[in-house]
Structures are given as C-alpha cells and as structure tokens.
Amino acid sequence: MAAPRILLIIGGGIAAYKAIELVRLLRKSGMVVRCVLTRAAEQFVTPLTLAALSENKVYTNLFDLKDEVEMGHIQLSREADLVVVAPATADLLARMAAGIADDLATTLLLATDKPVLAAPAMNVRMWLHPATRRNVATLRGDGVTVMEPDEGEMACGEYGPGRLPEPAAIKAAIDDALAHAPAPAPLTGQPDFAPADHRPLFGRRILITAGPTHEPIDPVRYIANRSSGKQGFAIAAAAAEAGAEVLLVAGPVPLPTPPGVIRIDVETAREMAVEVEQGLPVDAAIMVAAVADWRAADTASQKIKKDGSGAVPPLALAENPDILASVAKSAQRPPLLIGFAAETNDVIAHAEAKLARKGCDWIVANDVSADPMGGETNRLHIVSKAGVDSWDRLPKDAVARKLMEKIAHELETRAPLERD
Ligand code: CTP
C-alpha cells in the first residue's frame, strides 16, 4: 500500500513546538508529511526545522506559492489522505467553523475533500468559552474530528482542559482516522482530481540512482564530476507522482527530496553499489547517476601536505564497480533496466555500444554537446533493441514525465513484483 500522506497544518501557539515531535513520529511510521505553517506558527517553529524533519517543502504563504504552477493549493489540499490541524488554536477553529479562507491554512481547509482531524490547544477559558464550544460543535457537525484537549497546567499558569494532546495521542488519532477514512464524495459532474489513469505506476517499485559520486583522495579532497542530480531527482519525483514506490539512491547533491520518495544518500560509487543491491528487487531501475569511473587507489587518512620540494604526490587510481552492469548480471535483475549516457559525439552509436556492453534494456542517451551537465533541459534518445526513439529538447521535469509514460507503457504487460 502507498504510504499515507498527511497535510499537517500548524497553528500558532506555544504548543506548536510539539508539532515537531509529531512530524518525527509520522515520518518514523513511514507516512509522507507536508507541513503548512500559519503566520502565527512561524513565531514558534521554523519552516527550516519542519522541512528537514518532514523531508518535504514547507508552505507558509498563499501568495509565495510559485507552486501554483507545479502544485496549486487545491491539489495541495487534496493529494493528502488526511488533513491534520495541530495545534488548532481558538482562532483557527473559529475561522474553520465560519468557512473563512484568508490565508493558506484556511484556504486549504476550505478546499479539501479529505477528512480533517483537529487537535486543539488553547487557554482553558478560551476552550470553555461559549464561542469555542459553538465552533467545535459546528465543526463536529460538519464531520471534522476535533480531539479533546488534555487537562493540566497550562503555559499561562492556569489549570484545566486546553493542553495540546501528546504527539503519540495525536498519532493514534491519525491512525484511527486513516483506518476509517471515508472515500471523498465526488461533486456531481466534476472530474476526479487525480483519476486512476494518472497513477499508472501504482503498485510498482522503482529504484533510481542520481547525482555524482565523490571519491575521497584524503579527508578534504575528492574526485567528482559536474552532475547536478537534477534529472535524476526529476525522474524520482515523476515516478512518485505516477504512483510508484520510489527508492532514490543519491550521490552528494543539495537538492530537496521529492514528495513521496524514499531517499538514501551516499558518497562513493562503492556505497551506491551496496545501496542499489539492497534496494532490489524492483520492477524497474533507472541509473541516472554519473558514477565516477575511478577512485583513488589509496585514501590518505590525513590531509596530503606539500613538502616544499615541488614534487607532486602520485595519484594512483582504481576502477570503481560498474553498478549498472552488475545489476544487469544479478539474479535480481529488474524486468526493466535503464541506463543513462551523457555523450558529446556519435550519440546514438555510443549508446548502442553501451546498451550491449552494460546489458540493460534501454540506454537513455543525452546529447550534452550543446548543454553540459547542470542545465535545465535535456535532449534525449531512447536506444533499445527495438530502435531509437528521439525526443525534442525538453525541460528536465517534462523529460521525467515523458519517461514515466514510456516506462508505464512498457511495464503494462508485466505483472508487478511479488511483494512480501
Ligand atoms: N554506471 C554505473 N556504474 C559505473 C559507471 C556507470 O552504474 N561505475 C551507469 C550510469 O549510471 C549510467 C550508465 O552506467 O546509467 C552509463 O554511464 P557512463 O558513465 O556513460 O558509462 P561508462 O561505462 O563510464 O562509459 P564512458 O566510457 O562513456 O564513460
């Protein structure tokens, strides 16, 4: 089953810090978490902390959504399986009850078609105030699950109900809500927001390598290449979007983990080889990484110093394992094995030779003569035994989506892997 997706809306209040622990618990149990902070919440927790913990972009403002293009607020509110508001302040509950949508959090809450769970936190008087009582009753009547706050001493010194339930209790309520979540009622005449045919890789497991590898010479120096990792990460994002379970083995690149992707960071080719082997079996493997062909034969344990004589230290190289070729030969060879090749000349001929040499099913040949690694677009030729499929130059995310369509088509006739 795909990992449950939680949209966590964090309201402002002293209890907001507990949202950090909640995110940790949810991630630990394998859920995908996207956080949205209200303006007031930003006073208590930073987007940076939440981004690091959730391994996902954090949203704070309706208007800075450059993502209106890649992800509009409607989609953000609906791709989740459950919307959780924690802490739900008196103000946030009031705006929810009134249907006000004057910031990102309340807009998402009004636009969602998914179940909503609210974990309140406020001063005891505010919780017991008739206005809050009324708002909670309205929300419950609307189908929102509003948890009872904990009772105890409050930050303000008063005593009574109003403390945010413990993260473990919120997590239990989330598990319960997910287990009993009703299917969203479609609006008559509206298309389903994410029709099944937009997730053509649902139930498939895909392994992707991306980025360069760093091969240490001594503690401060390494051999590397100019791979930015952008194309591999875009492919991982597109695979997850298409519904696949995605394992991304990434060399050192400062890119955020795409939503829904499981990422394992490695440094060297040998580390990458180990993680790839452990990631098998998969329905398809796409080796986008620009693996360093050679490493330093010996890695110095201390920084190599100039000795003043002008003599250059010898740098002996050893060949790295060819990860793609070993996967091709392994007993767990994926039914679809794809290699990438950046070429500057005789692109197709080199790709055809590489296809045979590596033993894979496709070589995605990338003509880098005009646009070296690190650019935003790619011009690809998919070389296989069936022939050559040449694409126009496209942005890397468009390339990724087109590749997913082709992969989905290719896998259509093959049964998904047996899963434990
Ligand atoms: N690859 C790999 N392990 C290596 C080297 C390459 O898995 N040690 C994979 C890459 O991820 C890519 C494909 O093999 O999918 C082709 O990489 P490339 O560097 O073009 O192949 P090389 O065999 O190194 O060929 P060249 O001589 O052109 O560098």
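User: Two strands pair if DSSP finds at least two bridges between them. With that settled, how many bridges join strand E12 to E13?

Analyst: This is a predicted model, to start with. E12 (residues 245-250) and E13 are joined by 5 bridges. The two strands run parallel.

User: Which residue does Leu247 stand opposite in E13?

Analyst: Ile262.

User: And what packs on the sheet there, touching E9, E12 and E13?

Analyst: Helix H11 (residues 269-279) does. Its direction makes about 165 degrees with that of E12.

User: What else does the sheet carry, over by E17, E18, E20 and E21?

Analyst: H13 packs there and touches those four strands. The direction of H13 makes about 140 degrees with that of E17.

User: Back up. What is the strand order in that open sheet of 8 strands?

Analyst: The order is E13-E12-E9-E14-E17-E18-E20-E21, with mixed pairing. E13 (261-265) and E21 each have a single partner strand, so one side of each is left without a neighbour in the sheet. On average, neighbouring strands are turned by 20 degrees against each other, direction ignored.

User: How do E18 and E20 run, parallel or antiparallel?

Analyst: Antiparallel, with 5 bridges between E18 (residues 362-367) and E20 (residues 380-384). Asn366 stands opposite Leu380 in E20.

User: And what joins E20 to E21?

Analyst: A hairpin, through 2 residues. These strands run antiparallel too, with 4 bridges between E20 and E21 (residues 387-390). Ile382 faces Asp389 across that pair.

User: New topic, the ligand. Which of the 15 residues around it come nearest?

Analyst: Met287, Val291, Ile323, Leu324 and Gly339.

User: Which one gives the most?

Analyst: E17, with 3 residues. E17 is also one of the strands of the mixed sheet.

User: What is the shell made of, by class?

Analyst: It has 8 nonpolar, 3 polar and 4 charged residues.

User: Now the other sheet. What is the order of its 6 strands?

Analyst: E3-E2-E1-E4-E5-E6, an open sheet with parallel pairing. Its edge strands are E3 (58-59) and E6 (145-146), each pairing on one side only.

User: How many bridges join E5 to E6?

Analyst: There are 2, between E5 (residues 116-120) and E6.

User: Which residues of H1 and H2 meet?

Analyst: From H1, Ile20, Val23, Arg24 and Arg27. From H2, Thr49, Leu50, Leu53 and Ser54. The contact divides into 4 nonpolar, 2 polar and 2 charged residues.

User: How does H1 cross H9?

Analyst: At roughly 50 degrees, with the axes of H1 and H9 (residues 167-179) coming within 9 Å. That makes H1 oblique to H9. The crossing is right-handed. H1 brings Lys18, Glu21, Leu22, Leu25 and Leu26 to the contact. H9 brings Pro167, Ala168, Ile170 and Lys171. By class, that contact has 6 nonpolar, no polar and 3 charged residues.

User: Last one. At what angle do H5 and H8 pack?

Analyst: About 50 degrees, with the axes of H5 (residues 90-98) and H8 (residues 130-141) 9 Å apart. That makes H5 oblique to H8. H5 passes H8 in a left-handed crossing.

User: Which residues of H5 and H8 meet there?

Analyst: Ala90, Leu93, Ala94, Met96 and Ala97 in H5. They meet Ala131, Thr132, Asn135, Val136, Thr138 and Leu139 in H8. The contact has 8 nonpolar, 3 polar and no charged residues.

Methods
Residues are numbered from 1 along each chain as its sequence is written. This is a predicted model: local features need pLDDT of at least 70, side-chain atom pairs count only at pLDDT 80 or more; totals for chains, interfaces and linings use all residues. Two residues are in contact if their C-beta atoms, placed from the backbone, lie within 7 Å. Ala, Val, Leu, Ile, Met, Phe, Trp, Tyr, Cys and Pro count as nonpolar, Asp, Glu, Lys and Arg as charged, and the others, Gly among them, as polar. A residue is near a molecule or strand if its C-beta atom, placed from the backbone, lies within 6 Å of it. Axes are lines fitted to C-alpha atoms, for helices over the stretch in contact, and angles run from 0 to 180 degrees between N-to-C directions. Angles under 35 degrees count as roughly parallel, over 145 as roughly antiparallel, 65 to 115 as roughly perpendicular and the rest as oblique. A crossing is left-handed if the near helix is turned anticlockwise from the far one by less than a right angle, and right-handed if clockwise.
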